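Dear colleague,

I am passing on to you the structure below, together with its sequence. After it you will find my notes on what came out of the analysis, and I would be glad if you read them with the coordinates open.

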Amino acid sequence: MNNTGVGDHPAVFEEIPCPICGSHTHQQLLSVADRLKSKAERASDQPQDNAYKIVACSSCGFLFLNPRPRAEELHKYYPSGYYDPHLSSGGGLFGSLFRTIRHFMLKWKEVKVSRDLSTGNLLDVGCGTGEFLVHMQKRGWDVSGVEISPDAAQIAGRNGCNVLVGDPADLNLPEEKYDLVTLWHSLEHLPDLSKAVDKICASLKTGGRLAIAVPNPESIDAKFYKAHWVAWDAPRHLYHFRSRDLTSLLKPRGMQEERTLSMLMDPFYHALLSETSWVTGLKSWFRALRGFLVGCISFISGFKPGQGSSTLFLFRKH
Ligand SMILES: [Zn+2]
């Protein structure tokens, strides 16, 4: 690809070295559009406006967005409604189905991350409107959250959660306080990855658990949808982690990998959303059916740990 790309706007975008190994050389893997722009907006764009580049580090293979919006620009790419509280309060069949699945997923998350732990202090980084915190609070955990969106944090606060507003890299998190720190699809959003991970790891007690869920760029649905895979989500997702990337990032910080699991519902979520954001002339019923089938295949592949559409990594601090 030879698009000049978004890097032609240095006031808004920056080129970065590999956030894992520091190498300055990489190869372009894909050019992707912002899925949250409307189809009409995308059609009227100049080609370079769609040219968000996912690159692979030449040294360690890590996949990341490069160039990317500068940290102070990132908020402009999160539309209002990114955290939609109405989703959980809708009526009718859809609302009931959504709440049932959400409750099931909260229970699944609780069981997977807190197995063999007694209750204690929990920090959820990127807690959104606080659903997971509320769920865990009811089960006896002393909960705190970090959330960069003031609107989402305000909703979490109304739900009774203690939430620090900001990027974890910029906050003074207490050290050695937490028994469990969770990041549900939030690590890939943090612009200063190294500093944020330093603070997060320091906040854990020795023996504490770190649970990180991220989309899997090596999943079957990622390979099927290629540039149309929803979880590239440029320019909001800045990194795309494989197991070895997280190990490289966390092992020097005293973290030992315990367990890898596939996230249960993400294959369907990713496949169906990839279908809806992929601009094609195909009939909607065909795309819904194809999305469901791709989701099923990815779901089955996820029985092998680390092969699913999203992966939950459990690490223990030594
Ligand atoms: Zn690298």
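**The sheet around β13**

Because 6 of the 8 residues of strand β13 are buried, this strand is largely enclosed by the rest of the structure; a residue is called buried if 20 or more other C-beta atoms lie within 10 Å of its own, exposed if 12 or fewer, and partly exposed in between, with the C-beta atoms placed from the backbone. Please keep in mind that this is a predicted model, in which local features need pLDDT of at least 70 and side-chain atom pairs count only at pLDDT 80 or more, while totals for chains, interfaces and linings use all residues. Residues are numbered from 1 along each chain as its sequence is written.

The secondary structure of the chain comes to 9 helices and 13 strands, where helices (H or I, at least four residues) and strands (E, at least two) are DSSP runs numbered from the N terminus. Of the 318 residues in the chain, 40% are buried.

Strand β13 belongs to an open sheet of 7 strands, ordered β8-β7-β6-β9-β10-β13-β12, with mixed pairing; two strands are taken to pair if DSSP finds at least two bridges between them. The edges are held by β8 (162-165) and β12 (255-262), each of which has a single partner strand, so one side of each is left without a neighbour in the sheet. On average, neighbouring strands of this sheet are turned by 20 degrees against each other, direction ignored; the axes are lines fitted to C-alpha atoms, for helices over the stretch in contact, and angles run from 0 to 180 degrees between N-to-C directions.

The pairings can be followed strand by strand. Strand β9 (residues 178-184) runs parallel to β10 and is joined to it by 6 bridges, and the bridge partner of Val181 in β10 is Leu210. Strand β10 in turn runs antiparallel to β13, with 7 bridges between them, and here Leu210 stands opposite Phe315 in β13. Strands β12 and β13 also pair in the antiparallel sense, over 7 bridges, with Leu261 opposite Leu312 in β13.

Helix α4 (residues 150-158) lies across β7 (142-147) and β8, running at about 165 degrees to β8. Helix α7 (residues 243-250) packs on the sheet and touches β10, β12 and β13 (310-317), its direction making about 155 degrees with that of β12.

In soluble globular proteins, nonpolar side chains tend to be buried together. If neighbours within four places in sequence are left aside, Ile212 is in contact with Leu183, Leu187, Leu246 and Phe313.

Strands β4 and β11 run antiparallel and are joined by 2 bridges, and the bridge partner of Phe64 in β11 is Tyr239.

**Backbone details to check**

A cis peptide bond, with omega about 0 degrees, joins Asn66 and Pro67, and Pro67 lies in the loop between β4 (63-65) and β5 (68-69). Another cis peptide bond, again with omega about 0 degrees, joins Ala234 and Pro235, and Pro235 is found in the loop between α6 (220-225) and β11 (239-240).

The loop between α6 and β11 also holds Asp233, whose phi is near 35 degrees, a positive value in a residue other than glycine; with 23 C-beta neighbours inside 10 Å, Asp233 counts as buried. Lys226 is found in the loop between α6 and β11 as well, and its phi, near 50 degrees, is likewise positive in a residue other than glycine. With 13 C-beta neighbours inside 10 Å, Lys226 counts as partly exposed.

With best regards

Terms used:
Two residues are in contact if their C-beta atoms, placed from the backbone, lie within 7 Å.
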